[in-house]
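Subject: Two-chain model, handed over with notes

Dear colleague,

I am passing on the structure we spoke about, and I would be glad if you read the notes below with it open beside you.

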Amino acid sequence: MPSNKTLNAVWKGVKSFFTFWKDFLVGDSPVLALGVIVILCVAYLLRGSAVLAPISTIILVLVLITFAVWQKTRARCPKPTINTNKEAKTRA
Amino acid sequence: MIDQSAVLLFITVALASAVEATEALTIILASGITRGWRSTFEGALLALACLAVIVGVAGTALILYVPLYALRIVVGTLLLIFGLQWLTKAILRQTGFKAPHDERDIYDKEVATLSTGKKGILQGQRDSLAFAISFKGVLLEGMEVVMIVISFGLANGSQDQLGTAALAALVAVAVMTAIGAVVAKPLTKVPENYMKLGVGNLLTVFGLFWMGEGVGVQWPLGDVFLLILLAIIFLATLGLIAYFKRVHESQTEVKP
């Protein structure tokens, strides 16, 4: 039987292996990874149509990149400050 | 006649590799100048050897044992994710929502970190910190290049294309290393942000194209459609940059 120490080391190794690949593939934009999977499914479902499949996948990629950028810009924009009574009094 | 997609492939892999090589070079320079060159070079060389083994073993094994359609689905999906990640960051940098990538700043931070570490190394022995930093830096930056090389190399299921992709990466890394060796300081003049924008576009286009082919989408005009896709994604990128630049300006505008 392997000791607890060995098991812990193995568990730590497995955990860091998966964390590395998660960070590597998903990074800080899970929406992109999920979006690409959705596009893959749509492309698979529409593969029989010579017109619909190319057009819909291109449109979905454009929508995804726009959404991802919009989401990041919202996360980075400063929140508006609320002018509370206390602040108003201090200024006065 | 030169195959258009092979030329695009070479340019994409070379550009992506040049960007990652510039970043790895900054870490190597910071480590070499602060802690000494011997251990830094040993770490970098070991990482390069690991990366070469991964390309050789994984690339060849995948070509031999995995069906082409499955390779294209996996490769296309990975490239599309990478491409969109690069593109998103590049657009955010171009519009001012994210600070541009600054090699000088990264270099200064690395030097500060490495200077505080205890040296305590006798002459002739390995500096474990320099070795580890250099190994980790080259391996992590190189891993993305490896994924791109393998993906591009496998997309048509031939070892020739894997060779072309590996050659493009080697040429780019050799050029950046030579420039780095001559200049001996971080390559701040390399237009990394623009290169990332270009590579993001190309990875997205190839990713979408191969992922589509893998699941059975019939692209009109065959490989020529790659150029049309490139034009569509490029124009969309320009449009997004113009729009979000205005958004950023309106947010940062000082109101009287």
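What follows is an account of the chains, their contact, and some helix pairs and residues.

Please keep in mind that this is a predicted model, in which local features need pLDDT of at least 70 and side-chain atom pairs count only at pLDDT 80 or more, whereas totals for chains, interfaces and linings use all residues. Residues are numbered from 1 along each chain as its sequence is written, and chains are lettered from A and ligands numbered from 1 in the order in which they are written.

The two chains

Chain A has four helices and zero strands, where helices (H or I, at least four residues) and strands (E, at least two) are DSSP runs numbered from the N terminus; from that terminus on, its elements run α-α-α-α. Of the 92 residues in chain A, 16% are buried, a residue being buried if 20 or more other C-beta atoms lie within 10 Å of its own, exposed if 12 or fewer, and partly exposed in between, with C-beta atoms placed from the backbone.

Chain B contains eight helices and zero strands, in the order α-α-α-α-α-α-α-α along the sequence, and 47% of its 256 residues count as buried. Among the contacts in chain B with a separation of 6 or more, 87% are between residues 24 or more positions apart; two residues are in contact if their C-beta atoms, placed from the backbone, lie within 7 Å.

Where the chains meet

In the contact between the chains, 27 residues of chain A meet 27 residues of chain B. On the chain A side, the elements that give two or more residues are α1 (4-25), α2 (30-45) and α3 (52-76) of chain A, and the largest share, 14 residues, comes from α3(A). By class, that side of chain A divides into 19 nonpolar, five polar and three charged residues, where Ala, Val, Leu, Ile, Met, Phe, Trp, Tyr, Cys and Pro count as nonpolar, Asp, Glu, Lys and Arg as charged, and the others, Gly among them, as polar.

Leaving aside residues up to four places away in sequence, Ala165(B) touches Leu9(B), Val13(B), Val149(B), Phe152(B) and Gly153(B).

Helix α2 (residues 37-65) of chain B packs against helix α5 (residues 128-154) of chain B at an angle of about 25°, with their axes 8 Å apart; axes are lines fitted to C-alpha atoms, for helices over the stretch in contact, and angles run from 0 to 180 degrees between N-to-C directions. The helices α2(B) and α5(B) are therefore roughly parallel to each other, given that angles under 35 degrees count as roughly parallel, over 145 as roughly antiparallel, 65 to 115 as roughly perpendicular and the rest as oblique. By class, the contact of α2(B) with α5(B) has 21 nonpolar, seven polar and one charged residues.

A second pair is formed by helix α7 (residues 192-215) of chain B and helix α8 (residues 225-252) of chain B, whose axes come within 9 Å and cross at roughly 135°, which makes α7(B) oblique to α8(B). In this contact, Leu197(B), Asn201(B), Thr204(B), Val205(B), Leu208(B) and Phe209(B) in α7(B) meet Leu226(B), Leu229(B), Leu230(B), Ile233(B), Phe234(B) and Thr237(B) in α8(B), and the classes are nine nonpolar, three polar and no charged residues.

Individual residues

Leu221(B), in the loop between α7 and α8 of chain B, has a positive phi of about 70° although it is not a glycine, and Leu221(B) is exposed, with 9 other C-beta atoms within 10 Å. Phe225(B), found in helix α8 of chain B, counts as partly exposed with 17 C-beta neighbours inside 10 Å, and touches Trp219(B) and Pro220(B), not counting residues up to four places away in sequence. Thr22(B), by contrast, lies in helix α1 (residues 4-35) of chain B and is buried, with 23 other C-beta atoms within 10 Å.

With best wishes
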